[in-house]
Amino acid sequence: MSSLERLMLDHSPSMMLLVEPKDLRIVMANHGAAQTLGYPDEALLTMTITDIESSLPDVFYWEDVRNGQYLDIDGQEGLYQCADASLLTVIKSVRVVAHAGEPLLLVQARDIQNERQVEDALEQTLSQLRATLESTGNGILVIDWHGRIASMNRLFSTMWNIPEDLLLEHNDAAILERLTDQVVEADACRTRLQAIVDSIETEELFRLKDGRVFECKSRPQYLGEHIVGRVFGYNDITERTRAEEALRDSRDKLEERVRERTADLESANASLLAEKTRQTELIKKLEEAQNQLLQSEKMASIGQLAAGVAHEINNPVGFVNSNLGTLQRYVNDMLRLLTAYEQLEGSLVDDLLLDIRQLKKEIDAPYMREDIGVLLTESLDGLQRVRRIVQDLKEFSHVDRSELERVKLETGLDSTLNVVWNELKYKAKVVKEYGDTPQIECFPSQLNQVFMNLLINAAHAIEERGQITIRTGHDAENVWVEVEDTGKGIAPEHLGRIFEPFFTTKEVGKGTGLGLSLSYGIVSKHRGHIEVSSEVGRGSLFRVVLPRDAAAAGAAPV
């Protein structure tokens, strides 16, 4: 064999083996066979063909060859034994050839293992595509560039009522003509089905003669850069179209009704303007009533203040009056004694001196002389208490001062306590825990009104006997006052409303619901705030926080 022939043989893509039929020995093999099977070139020449072809049909075939039965084979699949004991799937052909008057068998085989894997993957992909095509909600039709139907799903044939026998005939022209016959705009439908190589995507509506409406979307099918067909998707939008038409009719009717209602509204607008005027007048009257109610709340506070002051003044005035009456009797007796001394001054004798002594014994002159000093001391103390109560009342109201002042909160608390003491002393023990706060700039009378409201509310919250604790304190920016009671507490659903005007949980006649609202307004105008915490059955704590520097906090005159 020449070198060129050998070169051509070794570069063949197929495995080529030349077999001697008597003993089935391989007498020649190309390099491709040795390389594919993993044997050295010389090793194949020492083997028989049955060392490589090990499947049962192959063994039977070669046994027939050994017995003189030579048959050609075309495209038969088989298994080849490789050098590493693995099996290689091949497709082979066998030809009987003659050489020097003797028959030889030429075996040509090709490795199809990768091809089989590709075919399996392709089959799986096609199966998935077919399943996807059948599961889609649209009728799908695919036409190739020759104008033939390449594919369609069952929904498409169902939508267009294509008979089964027509589908089995694969008469594409008849199927497409049946489509166009059902469409009202037959020419437009036919034109669209024939425009296969059009590169644009389309979206059209086709109305069928039976009343249905189909939405048709089509797009070109590419293979690389070339258009090889067109895919049509049909969606039955009959119900949606009918709903849209019904909606348009309803919208037209609604617009008509709107026009009618607009006329009615314009007519009613004049009446509303008149009603608005009347409402404005009612609002004005309501504001006047609210102002009167606020004034009533103030008057109630003043009345309560006056009652407390009167009660506290009555006690010292009572014993001062009593002491002064006793002092008057003592003075009269002393005058009687002085008169007697004056009468006897010029003629003192033993008998008269005895009478004088008897008189001094009757009036108990030594005790009277001693008791006069005590009575006068008590009277002065009582008068001092009256003076102090009046001074506290003056400090509480500050009626003679209406400007911003620098005061200590403890001073206002003490004066307020004295004013409302009659309201507190029968209900609670008052405990003071003062923190020596610095002076702040404020309107003292207004803050005293806040303290009075908090203290009276604390007393009202205590049903029998309890404790009210007053605390003060300060930090770098603020001062604060706490009023804590051991009363019945505030329910959680009421806690967020206690500062609303006219909101109250007290019985009718015991409160107007404006005390805390007014207090909140006063503290807010001082650029402060009120914090509240309460637990039903255990009591409440109100904390008034005020800025130490009103100017820095932006406080304006109240």
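This is a predicted model: local features need pLDDT of at least 70, side-chain atom pairs count only at pLDDT 80 or more; totals for chains, interfaces and linings use all residues.
## Salt bridges: the ground rule

A salt bridge here means a side-chain nitrogen of Lys or Arg within 4 Å of a carboxyl oxygen of Asp or Glu. Side chains of opposite charge can pair when their charged atoms come close. By this rule, the count for the structure comes to 25 salt bridges.

Residues are numbered from 1 along each chain as its sequence is written, and side-chain values use heavy atoms, with hydrogens and water left out.

## A pair within helix H9

Let's start with Asp187 and Arg190, whose side chains meet in a salt bridge at 3.2 Å, N to O. Both lie in helix H9 (residues 186-194), three residues apart, which is about one turn of the helix. Helices (H or I, at least four residues) and strands (E, at least two) are DSSP runs, numbered from the N terminus.

How open are these two to the outside? Buried means under 20% relative accessible area, exposed over 50%, and partly exposed in between (1.4 Å probe, protein chains only). Asp187 has a relative accessible area of 57%, so it is exposed. Arg190 is at 25%, so it counts as partly exposed.

Glu204 forms a salt bridge with Arg192, and their closest N and O atoms are 2.9 Å apart. Glu204 sits in strand S8 (residues 202-207) and Arg192 in helix H9, so this pair ties together parts that are 12 residues apart in sequence. Glu204 is partly exposed at 23%, whereas Arg192 is buried at 14%.

Next up is Arg219, which forms a salt bridge with Glu201, the closest N and O atoms being 3.8 Å apart. Arg219 belongs to strand S9 (residues 213-223) and Glu201 to the loop between H9 and S8, so here the parts tied together are 18 residues apart in sequence. Arg219 is partly exposed at 48%, and Glu201 counts as exposed at 53%.

## A salt-bridge network

Salt bridges can also be followed through a group of residues: Glu433, Arg471, Glu482, Glu484, Glu531 and Arg543 are linked in a network of them.

Now for helix H13 (residues 409-424) and helix H14 (residues 444-461), which pack at an angle of about 40 degrees with their axes 9 Å apart. Axes are lines fitted to C-alpha atoms, for helices over the stretch in contact, and angles run from 0 to 180 degrees between N-to-C directions.

H13 and H14 are therefore oblique to each other. (Angles under 35 degrees count as roughly parallel, over 145 as roughly antiparallel, 65 to 115 as roughly perpendicular and the rest as oblique.)

Leu24 has a positive phi of about 60 degrees although it is not a glycine. You'll find Leu24 in the loop between strand S1 (15-20) and strand S2 (25-29), and it is buried, with a relative accessible area of 1%.

Ala100 is not a glycine, yet it has a positive phi of about 60 degrees. Its place is in the loop between strand S4 (87-99) and strand S5 (102-111). Ala100 counts as exposed, at 73% relative accessibility.
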